[in-house]
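This report describes the architecture of a single protein chain. Please consult the sequence and the coordinates alongside the text.

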Amino acid sequence: RLGEGQVLAVNGPPGTGKTTLLQSVVAHLWVDAALAGGDCPLIVVASTNVKAVENVLESFAKISAETGHRRWHPYGRGFGLFLASESRQTGHPVCTGKSHPFEEFETPEMLAAAERHYLDCAAMHFRRRGDGVGTVVHDLHAELKALAARLDTLVAARHTLFHALGQDVDDGAVASYRALLATLNEELTRCREQLAQLRARLDESEQAADAALRAYEARRDDIMQAEKAWAAYLADASIWLDLFSFVPAVRRRRMARDRQVLMAHPLTADLQHRADGVPGHFHTLKKEALQRKNDTVAELLALKGELARQGDEVKQEMARAETERARITSAFAAWRDVAGDDPELLDASLANLNEHLDRKVRAHMFAVADWYWSGQWILEVRHRIRSGIKDTKGRSKLEAKYRRFAKLAPCLVS
């Protein structure tokens with residue numbers, strides 16, 4: 001908003017929207033004043049260029065025809081009023097020092113007709129009859145406030161969605177939401193596939209650990225069986241072979257029998273006889289088997305730890321993606337709740353949001369403000385007729401007169 005005494009310069013060639021901007025400013029001030037429930041604003045468009053004056057009046061004369069807006073007051077000459085001299089020739093409504101276009105409606109008869117027309121329109125709008133003008137004005141003010149609240153809610157929700165999606169200002173809401181949702185769903189699918197692969201590898205490592213333990217137990221049993229077989233052989237051997245082993249022939253026989261027994265088992269097949277350290281051999285075999293088991297288990301434990309770490313990282317990625325998906329889904333749901341099922345508004349980008357709001361909300365607000373000010377005009381003119389109040393040339397009286405005119409024609413042009 002401009003501060004007191006500030007000026008905004010708007011320059012541009014024909015067709016760039018200067019007059020449209022002017023319409024928006026007048027409409028905004030008119031609606032804001034209705035929302036505030038105070039006096040009707042005095043808005044004057046002044047120019048030394050007759051063509052510019054005519055353009056403004058023409059644009060305000062065509063609002064109802066272009067928007068389909070239906071006024072609740074029988075006055076139908078547009079929303080602009082030309083403040084001109086008596087000699088000015090123009091097809092637009094003119095207010096001079098001696099006459100104005102609203103005179104015909106400020107008689108008791110015409111006011112009564114205007115009031116009947118107004119209440120008939122209100123009955124169609126609110127789908128009820130029997131209300132007075134004051135009640136209608138009160139209800140229209142409440143409707144206008146509800147529309148203003150909806151406008152604020154729409155703007156806030158769209159900005160919230162914009163920040164939630166991290167989109168470009170030119171991207172549509174629905175398209176951006178679907179694109180980001182698809183990306184997050186793809187990421188979640190990838191994470192689930194990674195977790196499935198990690199679980200499969202974890203299962204494989206568990207099976208490998210079980211296999212290693214079974215292999216160790218089988219190896220240990222084989223060693224113990226070979227050791228028992230050797231011990232049984234020694235126990236059954238003839239003591240005479242041991243006593244006379246110093247005799248070469250006896251020693252060779254004992255060695256041959258040792259060799260025969262040792263070769264009978266794969267674990268001792270490499271040994272020649274008892275002098276090769278059979279007990280130590282069995283001890284070494286047991287130690288090696290235990291070491292292989294421990295090494296395998298250690299490797300598998302390390303692998304399980306790495307898989308668990310990778311699984312935790314993937315789960316964290318999933319949690320982040322799910323949180324992000326929940327956040328954007330919530331933001332879009334909030335936007336859908338306020339935008340409704342209107343596809344154009346629902347998919348509005350931040351860049352063209354105002355354009356949609358102008359057509360979907362602000363145009364309705366302007367219409368309600370028009371009906372509101374028309375009701376205020378009826379109430380004021382009724383009071384003037386009953387009280388015998390006349391227009392005079394004093395400053396306060398002139399200002400009151402022009403504010404009364406502005407309730408039907410908010411853009412005063414000179």
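**Overall form**

The model is a predicted one. Its protein chain contains 12 helices and 4 strands. With a radius of gyration of 49 Å, well over the 22 Å that the globule rule gives for 414 residues, the protein chain is more spread out than a compact globule. The C-alpha trace spans about 160 × 50 × 35 Å along its principal axes.

**The sheet**

An open sheet is formed by 4 strands in the order β1-β4-β2-β3, with parallel pairing. Its edge strands, each pairing on one side only, are β1 (43–45) and β3 (94–95). The strand pairs are listed below.

| Strand pair | Sense | Bridges |
|---|---|---|
| β1 and β4 | parallel | 3 bridges |
| β2 and β4 | parallel | 3 bridges |
| β2 and β3 | parallel | 2 bridges |

Strand β4 covers residues 411–413, and its Leu 412 is the bridge partner of Val 44. Val 413, also in β4, stands opposite Phe 82. Phe 82 has a further bridge partner in β3, namely Val 94. In a regular strand, side chains alternate between the two faces of the sheet.

A helix also packs on the sheet: α2 (residues 50–61) touches β1, β2 (80–83) and β4. The direction of α2 makes about 150° with that of β2.

**The pair α4 and α11**

Two packed helices are described by the angle between their axes and the distance between the axes. For helix α4 (residues 108–126) and helix α11 (residues 353–387), the axes come within 11 Å and cross at roughly 150°. An angle over 145 degrees counts as roughly antiparallel, and α4 and α11 are therefore roughly antiparallel to each other. The crossing in which α4 passes α11 is left-handed.

On the α4 side, the contact is made by Pro 108, Leu 111, Ala 114, Glu 115, Tyr 118 and His 125. The α11 side contributes Trp 371, Ser 374, Gly 375, Trp 377, Ile 378, Val 381, Arg 382 and Ile 385. By residue class, the contact of α4 with α11 comprises 9 nonpolar, 3 polar and 2 charged residues.

Methods: Residues are numbered from 1 along each chain as its sequence is written. This is a predicted model: local features need pLDDT of at least 70, side-chain atom pairs count only at pLDDT 80 or more; totals for chains, interfaces and linings use all residues. Side-chain values use heavy atoms; hydrogens and water are left out. Axes are lines fitted to C-alpha atoms, for helices over the stretch in contact, and angles run from 0 to 180 degrees between N-to-C directions. Angles under 35 degrees count as roughly parallel, over 145 as roughly antiparallel, 65 to 115 as roughly perpendicular and the rest as oblique. A crossing is left-handed if the near helix is turned anticlockwise from the far one by less than a right angle, and right-handed if clockwise. Contact means heavy atoms within 4.5 Å. Ala, Val, Leu, Ile, Met, Phe, Trp, Tyr, Cys and Pro count as nonpolar, Asp, Glu, Lys and Arg as charged, and the others, Gly among them, as polar. Two strands pair if DSSP finds at least two bridges between them. The radius of gyration is taken over C-alpha atoms; the globule rule is 2.2 Å times the number of residues to the power 0.38.
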